[in-house]
Amino acid sequence: MKLTLMERFNAPMPQFFQTLFKIGGIVVAVGVGLGAAHESLVAQGLPVPEWLAYLVGAVGAVTSLIAKFTVKLDK
(Lines give C-alpha, C1' and ligand atoms only; values in the text may rest on other atoms or scores of the structure.)
Protein backbone atom coordinates (compact mmCIF):
# COMPACT_ATOMS: atom_id res chain seq x y z
CA MET A 1 0.00 0.00 0.00
CA LYS A 2 1.58 3.26 -1.13
CA LEU A 3 0.72 6.50 0.65
CA THR A 4 1.44 10.05 -0.38
CA LEU A 5 3.33 12.26 2.05
CA MET A 6 0.16 14.05 3.11
CA GLU A 7 -1.71 10.77 3.65
CA ARG A 8 1.21 9.47 5.71
CA PHE A 9 1.40 12.72 7.69
CA ASN A 10 -2.33 12.66 8.50
CA ALA A 11 -2.57 8.92 9.18
CA PRO A 12 -2.85 7.65 12.78
CA MET A 13 0.41 6.90 14.60
CA PRO A 14 1.14 3.84 16.74
CA GLN A 15 1.06 4.54 20.49
CA PHE A 16 4.86 4.25 20.90
CA PHE A 17 5.45 6.86 18.20
CA GLN A 18 2.79 9.18 19.65
CA THR A 19 4.79 9.19 22.87
CA LEU A 20 8.03 9.70 20.94
CA PHE A 21 6.42 12.61 19.04
CA LYS A 22 5.45 14.32 22.29
CA ILE A 23 8.90 13.80 23.82
CA GLY A 24 10.47 15.25 20.67
CA GLY A 25 8.28 18.34 21.02
CA ILE A 26 9.40 18.80 24.61
CA VAL A 27 13.05 18.44 23.57
CA VAL A 28 12.55 21.09 20.86
CA ALA A 29 11.07 23.43 23.48
CA VAL A 30 14.08 22.87 25.77
CA GLY A 31 16.45 23.62 22.88
CA VAL A 32 14.60 26.83 22.02
CA GLY A 33 14.60 27.82 25.68
CA LEU A 34 18.33 27.25 25.95
CA GLY A 35 18.91 29.33 22.85
CA ALA A 36 16.70 32.16 24.08
CA ALA A 37 18.21 32.18 27.56
CA HIS A 38 21.83 31.84 26.40
CA GLU A 39 22.82 35.43 27.19
CA SER A 40 21.13 35.29 30.57
CA LEU A 41 22.74 31.96 31.48
CA VAL A 42 26.21 33.23 30.55
CA ALA A 43 25.63 36.35 32.66
CA GLN A 44 24.69 34.10 35.59
CA GLY A 45 27.95 32.17 35.23
CA LEU A 46 26.50 29.09 33.53
CA PRO A 47 28.39 28.80 30.25
CA VAL A 48 26.10 26.87 27.90
CA PRO A 49 27.57 26.47 24.39
CA GLU A 50 25.34 27.82 21.63
CA TRP A 51 25.81 24.65 19.61
CA LEU A 52 24.23 22.67 22.42
CA ALA A 53 20.92 24.52 22.12
CA TYR A 54 21.00 24.03 18.34
CA LEU A 55 21.82 20.32 18.69
CA VAL A 56 19.07 19.69 21.27
CA GLY A 57 16.51 21.45 19.09
CA ALA A 58 17.61 19.60 15.95
CA VAL A 59 17.48 16.19 17.64
CA GLY A 60 14.00 16.90 18.97
CA ALA A 61 12.77 18.10 15.58
CA VAL A 62 14.15 15.08 13.72
CA THR A 63 12.71 12.70 16.32
CA SER A 64 9.26 14.27 16.06
CA LEU A 65 9.35 14.32 12.26
CA ILE A 66 10.31 10.65 11.99
CA ALA A 67 7.64 9.69 14.52
CA LYS A 68 4.99 11.74 12.68
CA PHE A 69 5.55 9.90 9.40
CA THR A 70 5.21 6.48 11.04
CA VAL A 71 1.84 4.97 10.14
CA LYS A 72 -0.32 2.53 12.07
CA LEU A 73 -1.46 -0.08 9.56
CA ASP A 74 -4.34 -2.31 10.59
CA LYS A 75 -4.32 -5.64 8.80
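Buried means under 20% relative accessible area, exposed means over 50%, and partly exposed lies in between (1.4 Å probe, protein chains only). Thr70 is buried, because its relative accessible area is 18%.

This is a predicted model, in which local features need pLDDT of at least 70 and side-chain atom pairs count only at pLDDT 80 or more, while totals for chains, interfaces and linings use all residues. Residues are numbered from 1 along each chain as its sequence is written, and side-chain values use heavy atoms, with hydrogens and water left out.

**Around Thr70**

Helices are DSSP runs (H or I, at least four residues), numbered from the N terminus. Thr70 sits in the segment after helix 4 (50-68). A polar atom of the Thr70 side chain lies 3.0 Å from the backbone oxygen of Ile66. That is a polar contact: a pair of N or O atoms within 3.5 Å, where within protein one must be able to donate a hydrogen and the other to accept it, and residues adjacent in sequence count only if both atoms are side-chain atoms. Contact in general means heavy atoms within 4.5 Å. Leaving aside neighbours within four places in sequence, Thr70 is in contact with Pro12, Met13, Pro14 and Phe17.

**Aromatic pairs**

How many aromatic pairs does the structure hold? It holds 2. Rings of Phe, Tyr and Trp (its six-membered ring) pair if their centres lie within 6.5 Å; planes under 30 degrees apart count as stacked, over 60 as edge-to-face and the rest as tilted. The rings of Phe9 and Phe69 have centres 5.6 Å apart and planes at 55°, so this pair is tilted. Phe9 belongs to helix 1 (residues 5-10) and Phe69 to the segment after helix 4, so the pair ties together parts that are 60 residues apart in sequence. The rings of Phe16 and Phe17 have centres 5.1 Å apart and planes at 80°, so that pair is edge-to-face. Phe16 lies in helix 2 (residues 15-36).

The table gives the accessibility of the paired residues.

| Residue | Relative accessible area | Class |
|---|---|---|
| Phe9 | 32% | partly exposed |
| Phe69 | 25% | partly exposed |
| Phe16 | 56% | exposed |
| Phe17 | 24% | partly exposed |

His38 is in helix 3 (residues 38-43). Is His38 buried or exposed? His38 counts as buried, because its relative accessibility is 14%. Its side chain reaches the backbone oxygen of Val48 at 2.8 Å. The C-alpha atoms of His38 and Val48 are separated by 6.7 Å, and the two residues are 10 residues apart along the chain. Neighbours within four places aside, His38 is in contact with Val48, Pro49 and Glu50. Phe16 and Val48 are 32 residues apart in sequence, and their C-alpha atoms are 32 Å apart.

**At the surface**

Trp51, Leu55 and Val59 make a nonpolar surface patch of about 320 Å². Patches are made of residues with over 30% relative accessible area and no salt bridge; nonpolar side chains (Val, Leu, Ile, Met, Phe, Trp, Tyr) are joined within 5 Å, like charges within 9 Å. A salt bridge is a side-chain nitrogen of Lys or Arg within 4 Å of a carboxyl oxygen of Asp or Glu. Accessible areas come from the Shrake-Rupley method with a 1.4 Å probe. Leu55 lies in helix 4. Leu55 is partly exposed, with a relative accessible area of 42%.

Met6 is in helix 1. Met6 is exposed, because its relative accessible area is 55%. Met6 and Phe21 are 15 residues apart in sequence and 17 Å apart in space, C-alpha to C-alpha.

Terms used:
Helices (H or I, at least four residues) and strands (E, at least two) are DSSP runs, numbered from the N terminus.
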